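Please look over the sequence and the fold shown here before reading on. The report that follows takes up a few places in the model, one after another.

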Amino acid sequence: MSLYEVDIERSGRRRTLWRWFLLHPTADYLWAVLAVLIWWGITLLARQPLLLEGVDAGTRRTLFQTLATLAGATAGLTLTSVSMLINVLGKKAAPGQRELPLEKLSATHRRQIGEVFLFAIPGLGLLLIAALVTMVLEGGAPTGLWIPEGVVFVLAFASALALLRVAWALRRVLAIATA
């Protein structure tokens with residue numbers, strides 16, 4: 001199997017699932033919704049407060065501040081990576097020198113690599129906004145609001161999956177560049 005013209009030696013079911021994960025980034029939100037629904041189901045069966053409803057207000061505020069900070073910083077880092085990728089993928093060898101490894105990538109593969117990065121940025125931006133809105137809506141209330149908390153956790157899970165894909169793309173670009 002080959003992706004971005006880099007051969008993958010291992011085969012089998014695990015690699016097929018990984019390839020599907022890499023090529024279907026919109027499924028991140030479905031996986032995230034499924035994870036939050038399972039969490040809600042477990043808390044309902046255990047007759048516990050939903051998500052963070054029963055957690056201290058200060059702890060909830062700290063968690064949402066941390067999520068907002070991480071989302072903003074990671075979105076900025078990803079955006080910086082996109083600008084660096086544009087320079088690296090667009091670089092051509094000087095006349096008379098051998099072709100650079102990244103020049104061998106087709107336009108389709110370059111677009112796929114770029115899309116991996118660009119898909120992560122909106123989710124991180126939405127996570128930043130949702131975490132801040134949830135923090136404001138909850139204020140200093142003794143109990144949390146499970147609907148905005150659920151939205152934040154869906155976005156957090158989906159963003160984590162998108163960042164896994166970004167890390168994989170960076171690893172592949174490094175493998176191609178050093179081939």
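## L127 and the nonpolar cores

In this predicted model, L127 touches L67, A71, V152, L155, A156 and S159, when residues up to four places away in sequence are left out of the count. A second, separate core, made up of 18 residues, includes V82, A120, A162 and I176.

The largest nonpolar core has 20 residues, and those with the most contacts inside it are F64, L67, L127 and V152. At least two residues of this core come from each of the helices α2 (27–45), α3, α4 (107–138) and α5, and α5 gives the most, with six residues.

## How α3 and α5 pack

Two packed helices are described by the angle between their axes and by the distance between those axes. For helix α3, which spans residues 57–90, and helix α5, which spans residues 146–177, the axes come within 11 Å and cross at roughly 30°. Angles under 35 degrees count as roughly parallel, and α3 and α5 are therefore roughly parallel to each other. The crossing of α3 and α5 is left-handed.

Which residues of α3 and α5 meet? On the side of α3 they are R60, L63, F64, L67, T74, T78 and L85, and on the side of α5 they are E149, V152, F153, A156, L163 and V173. Sorted by class, the contact of α3 with α5 has nine nonpolar, two polar and two charged residues.

## R60, a buried residue of α3

R60 has its place in helix α3. Is R60 buried or exposed? Buried means under 20% relative accessible area, and R60, at 1% relative accessibility, therefore counts as buried.

With residues up to four places away in sequence again left out, R60 touches L52, E53, V55, E138, A141, P142, T143, G144 and E149.

## S83, a partly exposed residue of α3

S83 is likewise found in helix α3. Partly exposed covers the range between the buried limit of 20% and the exposed limit of 50%, so S83, at 38% relative accessibility, counts as partly exposed. Along the chain S83 and G114 are 31 residues apart, while in the model their C-alpha atoms are separated by 9.9 Å.

Technical notes. Residues numbered from 1 in each chain as written. Predicted model: local features only at pLDDT ≥ 70, side-chain atom pairs only at ≥ 80, totals over all residues. Heavy atoms only, no water. Axes fitted to C-alpha atoms, helices over the stretch in contact; angles between N-to-C directions. Helix = DSSP H or I, 4+ residues; strand = E, 2+ residues; numbered from the N terminus. Parallel < 35°, antiparallel > 145°, perpendicular 65-115°, else oblique. Left-handed = near helix turned anticlockwise from the far one by under 90°. Contact = heavy atoms within 4.5 Å. Nonpolar A, V, L, I, M, F, W, Y, C, P; charged D, E, K, R; others polar. Core = buried A, V, L, I, M, F, W, Y, C linked by side-chain atoms within 4.5 Å. Buried < 20%, exposed > 50% of the residue type's maximum accessible area, 1.4 Å probe, protein only.
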